[in-house]
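The sequence and the model are shown below.

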Amino acid sequence: MDYELIFFFFAIAFLYSSVGFGGGSSYLAILSLYSFEYRLLRTIALVCNLIVVSGGTYLFAKQGHIKWKKTLPLVLVSVPLAFLGTRIPFKENVFFIILGSTLAVAGIIMLLEDYLRKASIEKTSKEKKDMPIVNGAIGGGIGLLAGSVGIGGGIFLSPLLHIIHWDKAKTIAGTASFFILINSASGLAGQLSQDNLAFDFEMILYLGLSVLVGGQLGSRLSVFKLSQKKVKMLTALLVLFAGGRLLLKYLV
């Protein structure tokens, strides 16, 4: 087992847990730099996602930061589409091109999130009205993409909800955490239902333990007062680099 990889996963979980994310995009970004069987990447990322966001989702829900009436349309549409996305039979090069594009777009969105939010017409303090059809469309689209590449989708959902002023910051964080949890479970179920599932028990055990410890420490120590803005910047640069590297490798 590569101890360097264990450290990277611990660090990602440590950082992400403070802002309500699971870290799936960054786990994939790191794994893409190694020579692993491509189907194994999604399994590892989804299992680690589940471990990291489970506790956070419970705390957000307990503190009343999840508005179920607004959140349910997001997940009710995303869950079946995440399951179906996992079962799309991509060839290895196509998968990595989609993954590279997804990571690159996610990185750009995170870098531009503050600018896009300021440029929106709505005032920051104004919340969007409850729009189940719109919420379902947002959740379904992100769910399908999330299932296809093996992430929870929070890296797209959270910036988008902030940009459209969907609700307060803590509510969005709680919604994103629950969204990641439910879609990671759906995506993992989709993979388990396939005959060609790639599974490495030893690797998943070690990496799962590292993100469990990292996630618990990060959520309790508040990442040594590291601001959410800095966490997002580090994440954006990591996923943008990994996405660009994959695109250069499989397109050029």
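A crossing of two helices is called right-handed if the near helix is turned clockwise from the far one by less than a right angle, and left-handed if it is turned anticlockwise. The model discussed here is predicted.

**Helix pairs**

By that definition, H1 and H2 cross in a right-handed manner. Helix H1 covers residues 3-16 and helix H2 residues 24-31; their axes come within 10 Å and cross at roughly 160°. Because angles over 145 degrees count as roughly antiparallel, H1 is roughly antiparallel to H2. On the H1 side, the contact is made by Leu5, Phe8, Phe9, Ile12, Ala13 and Tyr16, which meet Ser25, Ser26, Tyr27, Ile30 and Leu31 of H2. This contact of H1 with H2 comprises 9 nonpolar and 2 polar residues, with no charged residues.

Helix H4 takes part in two further pairings, described in turn.

| Pair | Axis separation | Crossing angle |
|---|---|---|
| H1 and H2 | within 10 Å | roughly 160° |
| H4 and H8 | 8 Å | about 25° |
| H4 and H6 | within 6 Å | roughly 30° |

Helix H4 (residues 68-86) packs against helix H8 (residues 169-192) at an angle of about 25°, which makes H4 roughly parallel to H8. The crossing of H4 past H8 is right-handed. Among the H4 residues that meet H8 are Trp68, Thr71, Val75, Val79 and Phe83, and their partners in H8 include Phe178, Phe179, Ile182 and Asn183. By class, the contact of H4 with H8 holds 10 nonpolar and 9 polar residues and no charged residues.

The axes of H4 and helix H6 (residues 132-149) cross at roughly 30°, and these two helices are therefore roughly parallel to each other. Their crossing is likewise right-handed. The H4 residues in this contact include Lys70, Pro73, Val77, Leu81 and Gly85, while those in H6 include Gly136, Gly139, Gly140, Gly143 and Gly147. The contact of H4 with H6 divides into 8 nonpolar, 10 polar and 1 charged residues.

**Helix H3**

Helix H3 spans residues 38-62, 25 residues in number, and reaches 37 Å from its first C-alpha to its last, close to the expected 36 Å. Just after H3, Gly64 adopts a positive phi of about 75°.

How values were computed. Residues numbered from 1 in each chain as written. Predicted model: local features only at pLDDT ≥ 70, side-chain atom pairs only at ≥ 80, totals over all residues. Heavy atoms only, no water. Helix = DSSP H or I, 4+ residues; strand = E, 2+ residues; numbered from the N terminus. Expected span 1.5 Å × (residues − 1). Axes fitted to C-alpha atoms, helices over the stretch in contact; angles between N-to-C directions. Parallel < 35°, antiparallel > 145°, perpendicular 65-115°, else oblique. Contact = heavy atoms within 4.5 Å. Nonpolar A, V, L, I, M, F, W, Y, C, P; charged D, E, K, R; others polar.
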